[in-house]
Amino acid sequence: MIETDQLTRRYGSLTAVDGLTIRAEPGQVLGLLGPNGAGKTTAMRLIAGFLAPTSGTARVCGHDVVREPLAARRALGYLPEGAPSYGEMTVREFLVFIGRMRGLAPEVGRQRFDQVVSRLQLEDVLEQCIDTLSKGLRRRVGLAQAILHDPPVLMLDEPTDGLDPNQKHAVRQLIDAMARERTILISTHLLEEVHALCNRVVIIARGRLLADATPAELEARSRYHGAVSFSAPGSGLSQEMLGRLPQVTAIEVDPLDGRVTVFPRPGERILEPVENLLRQQGLEVSEIQLERGRLDEVFRQITLGDGAEGRA
Amino acid sequence: MSPTLAIMRRELRSYFVTSLAWVFLVIFLVLAGLLTFYAGDFYERGLADLQPFFAVHPWLYLILVPAVSMRMWPEEARDGTQELLLTLPVTLRQAMLGKFLAAWLFLGLALALTFPLWITVNYLGSPDNGVILAGYLGSWLMAGAFAAIGACLSTLTRSQVVAFILTALVCVLLILAGQPQVLDFFQGTLPRRLVNGVAHLSMLRHFEAISRGVLDLRDLIYFLLTILAWLAGGVLILELKRTR
């Protein structure tokens, strides 16, 4: 479990993290989302104990990171931003070193080493210098380092940054597989990642918490939530008819591909009426879709807005 | 294995893998040999001892120890591994001690590899081997003091060059502190007590005392305290950087 209470960190006059209160429970993948420079990395460094908070507290599995730093760090597996590692070491040497630093007994260490190496598919590069590895492999070595001691809490700073789509998929699968019994906090600025991984999202900007919700709740805040869009050639007439439906508040047509999006009044379901109307009109609809809401739009709205979103 | 030992082993290994160790050993051994024979009147003195050899050590260390210690923290800061290292379950004290011990052991190894000189004097005459052993001990302690200074000052900067220069500067000041010229300079301006204090800070004075074979507890304590004080200073700086 990770809990922070009014966690604050200042660098001189700049407040990088401002009164952040978050909570991540076992079985949860909490996504820390925010634009670049929002304070995600600083927040993680505070929880990992690399930086000391200016005020406020952070606890990992109940251990205060300032008063019981070693106990807190033992419970935590941490992948710092950019997955740093000692480049002149081989993968094997590096993981053995981490095992020693973690105080793993030799037998336990060997067992964990084998598990982690097979889980991250590092068998073929064990004897290679980390410097010679590709970015994706280095990221995997960083992940291996973070989970070597089988920690109950895992904190990953932009775990898929700079990876190709296949590698991203592999890392997400790994996180998903580990999520069941653990508390996982990941930071990201990729919205697709939130969909793929997180069951709760915290959005921060300028160091402040702006939203704390499930991805579905965030999507529900979108203008597009419950909207219906379709492609139909020559739908000029139907637009007018659609506008007369009592449940509909607005209609937009994409100037590029002519796709029509129909927005509902709050709380109304419009898929059925729209479909009925189109059928009555005898319009040839090639494809019709009910929108869940667009996270990118909500993200922009929250992080660029006046910040008066309140602490949900 | 304790984190201190794990860090020490990792550092020592990295010296040898990154060829720093080999370059250092060659330069140290060549310079120690050359300076002893050419600058130190090894033969002309007609004495079977290693005084000329030990006399050049402070000046050798002045250049070579900062070269070993300059990478300790700047490299970690540059590569981001400092964040990895210091978020493992290790205290700053353990991390600092591990790094320092690696450097000190390595310098001890370099010193031990000068044994052919010791064989040579034993072949040429019958030196007092007790004095020679004391000389080696003194030299190793002084190397440790320099390394501790370097360990401390390397926490201040991300630049290895800056770390090198700062360390060499402090070391030269500590070597020179007891020289008559320096003391004369202060004689007029500072109270007598303070001048004596400056003289006591001098590394050379304590080193020479030990390498003459006079194992005074005070000289040993001087070096050990110097080492501890600088390491503690380094830990303090790292601590401050965490909160700053």
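Reader: Hello! In which order do the six strands of the open sheet in chain A stand?

Author: Welcome! A word first: what you see is a predicted model. As a general idea, strands of a sheet pair through backbone hydrogen bonds, either parallel or antiparallel. Here the order is β7-β8-β9-β4-β10-β11 in chain A, and the pairing is mixed.

Reader: Which strands stand at the edges of this sheet?

Author: Those are β7 (76-79) and β11 (208-213) of chain A. Each has a single partner strand, so one side of each is left without a neighbour in the sheet.

Reader: How are neighbouring strands turned against each other?

Author: On average the angle is 15° for neighbouring strands of this sheet, with direction ignored.

Reader: Is β4(A) mostly covered or mostly open?

Author: Mostly covered: five of the five residues of β4(A) are buried. Here a residue is called buried if 20 or more other C-beta atoms lie within 10 Å of its own. Now check which way they point. V29(A), G31(A) and L33(A) point one way from the strand, while L30(A) and L32(A) point the other way.

Reader: Which helix lies across β4, β7, β8, β9 and β10 of chain A?

Author: Look for helix α1 (residues 40-48) of chain A, which runs at about 150° to β8(A). Another helix, α11 (residues 295-304) of chain A, also packs on the sheet and touches β10 and β11 of chain A. The direction of α11 makes about 40° with that of β10(A).

Reader: Now let me step back. How many helices and strands does chain A have?

Author: Chain A comes to 11 helices and 15 strands. Its C-alpha atoms fill a box of roughly 75 × 45 × 30 Å along the principal axes. Of its 312 residues, 43% count as buried. Contacts tell you about the fold as well: among those in chain A between residues at least 6 apart in sequence, 70% join residues at least 24 apart.

Reader: Into which domains is chain A divided?

Author: Domain 1 covers 2-220 and domain 2 covers 228-291. The centres of these two domains of chain A, taken over C-alpha atoms, are separated by 44 Å.

Reader: And chain B? How many of its residues are in contact with chain A?

Author: There are 19 residues of chain B in contact with 20 residues of chain A. Helices α1 (3-17), α6 (81-86) and α14 (217-243) of chain B each supply at least two residues of the side that touches chain A. The most comes from α1(B), with five residues. By class, that side of chain B has nine nonpolar, six polar and four charged residues.

Reader: What scores come with the model?

Author: The ipTM is 0.89 and the pTM is 0.88. For chain B, the mean pLDDT is 89, and 96% of its residues reach 70 or more.

Definitions and conventions:
Residues numbered from 1 in each chain as written. Chains lettered and ligands numbered in written order. Predicted model: local features only at pLDDT ≥ 70, side-chain atom pairs only at ≥ 80, totals over all residues. Pairing = 2+ DSSP bridges. Helix = DSSP H or I, 4+ residues; strand = E, 2+ residues; numbered from the N terminus. Axes fitted to C-alpha atoms, helices over the stretch in contact; angles between N-to-C directions. Contact = placed C-beta atoms within 7 Å. Nonpolar A, V, L, I, M, F, W, Y, C, P; charged D, E, K, R; others polar. Domains from an automatic or database assignment. pLDDT = per-residue confidence, 0-100. Buried ≥ 20, exposed ≤ 12 C-beta atoms within 10 Å, placed from the backbone.
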